[in-house]
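Please open the structure in a viewer and keep the selection panel at hand. The stops below are given in the order in which they may be selected.

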Amino acid sequence: MTVSADPNTSAHALLKVFAANGIDRVFVVPGESYLGVLDALHDFPQIDVVTCRHESGAAFMAGADARLTGRPGVVMVSRGPGATNASIGVHAAQQDGVPMILLIGQVPKQDVRKEAFQEIDYQKMFGSMAKWVAEVGTAEELATAAFKAIRVATSGTPGPVVLVVPEDVQQASVAQPDWVAVPDSPAQPAPATLDRIQGLLAQAHRPLIIAGGAFNRPGGREALRRLAERHTIPVAVSFRQHDIFPNTHALYAGDLDLATPAAQVAAFNSSDLILALGTRLGDITTQGYTFPCHPKPSQALVHCLADPHIVNQHFAADVGLVADPAATAHALANLPATGQGLARDDWAASLRAIQQRTAAWPEPVGDDGVPFVSVVRALAAQAPNDVALCLDAGTFAAPVYRHFPFVYPQRLMASQSGAMGYGTPAAIATQLRHPDRKVVCLVGDGGFLMTGNEMAAAAERGLPVLFIVSNNNCYGSIRLHQARTYPGRYVGTSLSSPDFTMMARAFGVQAEYVTQAAQLDAAIARGLAADRPYLLEVKTSLAAILPAGVSHAAGVDLLPRGE
């Protein structure tokens, strides 16, 4: 049946709310269960529709876009298989604390809860991942639900919202609202609370800031730096938040991640005051809830986050602030300086020395390919000062986290969920949002075959993303765990990879194959200079990432090279 082009449908009302609240891009895998919304998008040319090849890629793109804008990233998928495919992106958005709206077309209203074709109860499916799951019952409710979805996704700790829309409530004529959500006013710390923190700072000889992703907002990085410099406090960044504080700064103490050296953690733990600002103090940042000591830290703890669910949840703080971390940092930076002379300076210098030893470039090892640390070092030497590095999950990324010296506006785009397949979609979304800066995607051979097909969008739109694929014919991260726990007993981790250069060329992407470290500088220079998508496949060393003296036989590259 052909439906007339009515500009006042419930789907139009939904999109009008989206557009009024700054949503200018949606990522879609089309499906018949939300044809009404797709049709209405025809009347919103100001909303860029990015057609994706898999729902996981679309959801990862939405999450990456949200991290860059602070607005909800919107992904639209069909019911059943489409929704289940997109669920990995919902989980990533929850772990990353970024706002997302997943719109799912649903079976007709009369078929709901009858186990109809491709029907799922999305409250049960997403209830533990999403901040809110709403199944719209009538056409009149759709715009209201969209408006609430925006507010919920961006409030407190940002996160994903799931909006479920039956296919027969998308085309009815309804009123067209003009609603704009006003962001919450940043909660300010009370004067008495500032006095309390000032007193703790005045007594502290070894204070430490643990800074989290809440500083990834306009003015946040500046507030953090002012605070650190005002009171001479070293800054350690939380899990995968390297770009919120300049890594070259004398007060940069390093990061808290999956492989923070024990000596560095011990040094952090010798602090006498921790200011945990803008971080959830999750399990990785706290090294499995061991730093600070759980549940009552041995040192004074100030924990600030604009989310009452998080503050004092796991760690009993001496001062718990449900407040805006950037506003709190600004307020603390305006207080009289509390430096303790040489004692405070020596403390900062000692942490900085440990960080610099940890971050020093190692001598590459491995004779079975190019050690990926050599790739990262060559990239760091040539990277523009506004480069965005989009990382997939895997051991290849470890040299970036440990050695790449991020200084904003350089960006690290890496999911805290550890999801494979994030890198390529994140690079597409980042390049779309920032067409004038260089975007580099670093991805392993396993992760690239999960969502590498999304480079079709880079080819279609001429996006100059540089893709660097580490090919060691292995799920390297899992092989590393096998080598440590069950040495020599490798099951399920060897890979037979295709010729990635030929694959890229089939998409219309220029590509080259690197087999020697001596080729890296020139190849990376060509990739960075390209004005269209460019792919480097690097034959990388597996031995370099495994324990010394352990057998590391990998799968064989069964397909002939196209060179």
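Select domain 2 (191-359) and domain 3 (372-557) in this predicted model. Both domains give residues to the lining of the second largest pocket, so the pocket lies between them. Its volume is about 1200 Å³. For the centre of this pocket, select Gly394, Thr395, Phe396, Ala398 and Leu480, which are the closest to it of the 47 lining residues.

Next, display the elements that give two or more residues to the lining of the second largest pocket: α12 (372-382), α13 (398-403), α15 (445-451) and α17 (476-485). The largest share, six residues, comes from α17. Colouring the lining of this pocket by residue class gives 26 nonpolar, 15 polar and six charged residues.

The tour continues with two helix pairs. Select helix α9 (residues 262-269) together with helix α11 (residues 342-359); their axes are 10 Å apart and the packing angle is about 165 degrees. Angles over 145 degrees count as roughly antiparallel, and α9 and α11 are therefore roughly antiparallel to each other. Viewed as a crossing, α9 passes α11 in the left-handed sense.

For the last stop, select helix α1 (residues 10-20) and helix α6 (residues 142-154), which pack with their axes 8 Å apart at an angle of about 25 degrees. Because angles under 35 degrees count as roughly parallel, α1 is roughly parallel to α6. The crossing of α1 and α6 is right-handed, whereas that of α9 and α11 is left-handed.

Methods: Residues are numbered from 1 along each chain as its sequence is written. This is a predicted model: local features need pLDDT of at least 70, side-chain atom pairs count only at pLDDT 80 or more; totals for chains, interfaces and linings use all residues. Side-chain values use heavy atoms; hydrogens and water are left out. On a 1 Å grid over the protein atoms alone, a cavity is a set of points where a 1.4 Å probe fits but cannot get out, and a pocket is an open set with protein on both sides within 12 Å along at least five of seven lines; lining residues have an atom within 4 Å of a point. Grid points are joined across faces, edges and corners, and a volume is the space filled by probe spheres set on the points. Helices (H or I, at least four residues) and strands (E, at least two) are DSSP runs, numbered from the N terminus. Ala, Val, Leu, Ile, Met, Phe, Trp, Tyr, Cys and Pro count as nonpolar, Asp, Glu, Lys and Arg as charged, and the others, Gly among them, as polar. Domain bounds come from an automatic or database domain assignment. Axes are lines fitted to C-alpha atoms, for helices over the stretch in contact, and angles run from 0 to 180 degrees between N-to-C directions. Angles under 35 degrees count as roughly parallel, over 145 as roughly antiparallel, 65 to 115 as roughly perpendicular and the rest as oblique. A crossing is left-handed if the near helix is turned anticlockwise from the far one by less than a right angle, and right-handed if clockwise.
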